[in-house]
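Thanks for coming. I will go through a few packing details, so please keep the structure open while I talk.

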Amino acid sequence: NAHEEQASQALAEWSPFSSEKIHQEIFRGSLKERFDKGEMTPESFWKAAKARIHAMNASPNFAQFSSVWGDIFIEQIGIERILKRIDHAIELFFVANTNNLHWKYLRELKIMQGFFGEPRQLILSHQYGCTTSQSALHSKAMRQTKCDKDRILYVDTLPQPINIFKGLGGTTLLHNPDQETSVDLIKKLQRFNVINTTKT
């Protein structure tokens, strides 16, 4: 995705590899998955990532790497407006693959503080030891909501977690932000009767 490409391009400044090769080495192998699961500390991930990309001249240092790695999140246009239109009686939960360096930056976004400010609303891979590509995380998420699964709607932009959640008997909605607008997402959500029609 664009966030991963942005980080890979920035890391290419310290590597003989292309940004495409860096993306393959760090984001597409087991390294990031281990970090997302909480199996590595930020410092050990930084050292392993530097070794993977053959970083030169002992750079980036930990502070530089942390900034490049973590400070990549922006709020998707229209999402705040959509969340404001969700019926106030519906509790929102945030389920994500996110390591603790990413979370340091992600949690500061206005949208996170405004809609997912309570610890109970957060199901984060690095805190649970598994990722959204594993049914264990979705099972834990279902339990954390304290709702019957037929009262949960899981929304994601990726097919794999959607299929896993479906396999557990949950209701899902796939949103493709590259092809669908926020208006399209609202229309989809309206089918599930979760949108407050009195708000615009």
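This is a predicted model. Start with two helices, α4, residues 42–52, and α5, residues 62–70: their axes come within 10 Å and cross at roughly 90°. That makes α4 roughly perpendicular to α5. Which residues meet there? From α4 they are Pro42, Glu43, Phe45, Trp46 and Ala49, and from α5 they are Phe62, Phe65 and Trp69. Sorted by type, the residues of this contact are seven nonpolar, no polar and one charged.

Next, the core. The largest nonpolar core has 41 residues, and Ile26, Phe94 and Met112 touch the most other members. Take isoleucine 26: leaving aside neighbours within four places in sequence, its contacts include Phe45, Ala49 and Trp69. Leu11, Leu31, Lys32 and Ile53 are also in contact with Ile26. In general, nonpolar side chains in soluble globular proteins tend to be buried together.

Now histidine 102, which sits in helix α7, residues 100–106. Is histidine 102 buried or exposed? Its relative accessible area is 5%, so histidine 102 is buried. A polar atom of its side chain lies 3.0 Å from the backbone oxygen of tryptophan 69. Not counting residues up to four places away in sequence, histidine 102 touches Trp69, Lys32, Gly70, Ile72 and Phe73. Between histidine 102 and isoleucine 72 there are 8.4 Å, C-alpha to C-alpha, although they are 30 residues apart in sequence.

Last, phenylalanine 73, in the loop between α5 and α6. Apart from neighbours within four places in sequence, phenylalanine 73 is in contact with His102, and also with His3, Tyr105, Leu106 and Leu109.

How values were computed:
Residues are numbered from 1 along each chain as its sequence is written. This is a predicted model: local features need pLDDT of at least 70, side-chain atom pairs count only at pLDDT 80 or more; totals for chains, interfaces and linings use all residues. Side-chain values use heavy atoms; hydrogens and water are left out. A nonpolar core is a set of buried Ala, Val, Leu, Ile, Met, Phe, Trp, Tyr and Cys residues joined through side-chain atoms within 4.5 Å. Buried means under 20% relative accessible area, exposed over 50%, partly exposed in between (1.4 Å probe, protein chains only). Contact means heavy atoms within 4.5 Å. Axes are lines fitted to C-alpha atoms, for helices over the stretch in contact, and angles run from 0 to 180 degrees between N-to-C directions. Helices (H or I, at least four residues) and strands (E, at least two) are DSSP runs, numbered from the N terminus. Angles under 35 degrees count as roughly parallel, over 145 as roughly antiparallel, 65 to 115 as roughly perpendicular and the rest as oblique. Ala, Val, Leu, Ile, Met, Phe, Trp, Tyr, Cys and Pro count as nonpolar, Asp, Glu, Lys and Arg as charged, and the others, Gly among them, as polar. A polar contact is a pair of N or O atoms within 3.5 Å; within protein, one must be able to donate a hydrogen and the other to accept it, and residues adjacent in sequence count only if both atoms are side-chain atoms.
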